Amino acid sequence: MKAVRFIETGKPAQLADVPAPRPGPGQVSIKIAGAGVCHSDLHVLDEELGLKGPFVLGHENAGHIAALGEGVREWREGDAVAVYGPWGCGRCRTCQTSAENYCENHASLATMGGGLGSDGGMAEYMLVPSARLLVALGKLDPVAAAPLSDAALTPYHAIKAALPLLTPDATVVVIGIGGLGHMAVQILQALTPAQLIAADIDDSKLEHARKLGVRHAINTRDADAAAAAIADLAGPRGATAVFDFVGAQATVDLGARIVGRNSRLTVVGLAGGVVHYAANNPQYGCQVTIPYWGSRTELMEVIALAAAGRIRAEVEVFPLEQALDVYQRLRDGKIRGRAVLRP
Ligand code: NAD
Ligand code: ZN
């Protein structure tokens, strides 16, 4: 079967022909309908993260069950499923709560998940090592639903933890309206009454935010002007919550500057920015957090939001063979919403 593989750090992804997997006991093989193209793949390809290739890329996957390994009885062939991406040990206390994204044994695991050390979903078929890692999609189209497993789950998990702060008199700022950010603004509008501001350096992404219903969309190329505009909207209290889906030095600096007291700065983007923290900061009471992905039950909640029509991933679908070109388009900022590869 055709597959898109990670070979080694610094080398481009490779289109290859690899054997289709067969599920062993307890495992499940998925016929992939869609594999989302996440900006994290660019970090995986470019930066030394300790991942050993080759493996098939794609950690944001959905499709139909192709074959069940011996002993798997809770699913049927043909069921539409999302693949839960962060694979933990499955037995520690945290994994037992379904938050495998925070597995206590992560350091001793050979893989972070499919597409992140193990074979992922940028292929016709994907082997899922345990049926526990599947979540039913019901009637959702698996091509459009693939991004729910990361582009929506990651912001959902980050936002859910901030909900007590997001009251009607609060201001929330989303920085980076790409794959994750365009889901974040929808999730915030679905779950909170807070005043919402979208921020990006690309006017077309700000236009996208406006189309999704966001009233205030601010270009942050001029950080001083952007901080002033946000302060104006937020009033003396400042921003109550900032979600940074870029994580560059410029964006974490902007986030730290616009939050008020008793606030929350959530850095999701992995661009390497460092939050300079001092205890005698005027923003007393600010919580700084670096969430990772989300739990399996949160993926169920995200799927329920999508099934109810409250959130929708905007997808640009490409054939699997165009993966290398799609990575370049993502690098160039030319993808609106999420690119999804269809094998
Ligand atoms: P994307 O490329 O789809 O979107 C990035 C957006 O940020 C674009 O709209 C771009 O215009 C904007 N942007 C870039 N530089 C900016 C700047 N300096 N100021 C303001 N906006 C800027 O990326 P994505 O797939 O949404 O991923 C976003 C980040 O989140 C990546 O770093 C990715 O690796 C990371 N990520 C983290 C987790 C996690 O669990 N922590 C999970 C998934 C992705
Ligand atoms: Zn675990």
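**Strand pairing and domain arrangement in the predicted model**

Phe-6 has Phe-55, a residue of E4, as its bridge partner. The structure described here is a predicted model, and this bridge belongs to a region in which strand E1 (residues 2-6) pairs with E4 in the antiparallel sense over two bridges. The pairing forms part of an open sheet of three strands, arranged in the order E2-E1-E4 with antiparallel pairing. Strand E2 (14-17) and strand E4 (55-56) are the edge strands, each of them pairing on one side only.

With regard to confidence, the average pLDDT of the protein is 97, and 100% of the residues score at least 70. The scores for the model are ipTM 0.99 and pTM 0.98.

At the level of domains, the assignment divides the protein into domain 1, made up of residues 2-150 + 294-342, and domain 2, which covers residues 153-289. The centres of the two domains, taken over C-alpha atoms, are 27 Å apart. Contact between them involves 23 residues of domain 1 and 15 residues of domain 2.

On the side of domain 1 that touches domain 2, the elements contributing two or more residues are helix H1 (39-46) and helix H9 (296-307). The greatest contribution to this side comes from H9, which supplies five residues. In composition, the residues of domain 1 on the side touching domain 2 comprise eight nonpolar, eight polar and seven charged residues.

How values were computed: Residues numbered from 1 in each chain as written. Chains lettered and ligands numbered in written order. Predicted model: local features only at pLDDT ≥ 70, side-chain atom pairs only at ≥ 80, totals over all residues. pLDDT = per-residue confidence, 0-100. Domains from an automatic or database assignment. Contact = placed C-beta atoms within 7 Å. Helix = DSSP H or I, 4+ residues; strand = E, 2+ residues; numbered from the N terminus. Nonpolar A, V, L, I, M, F, W, Y, C, P; charged D, E, K, R; others polar. Pairing = 2+ DSSP bridges.
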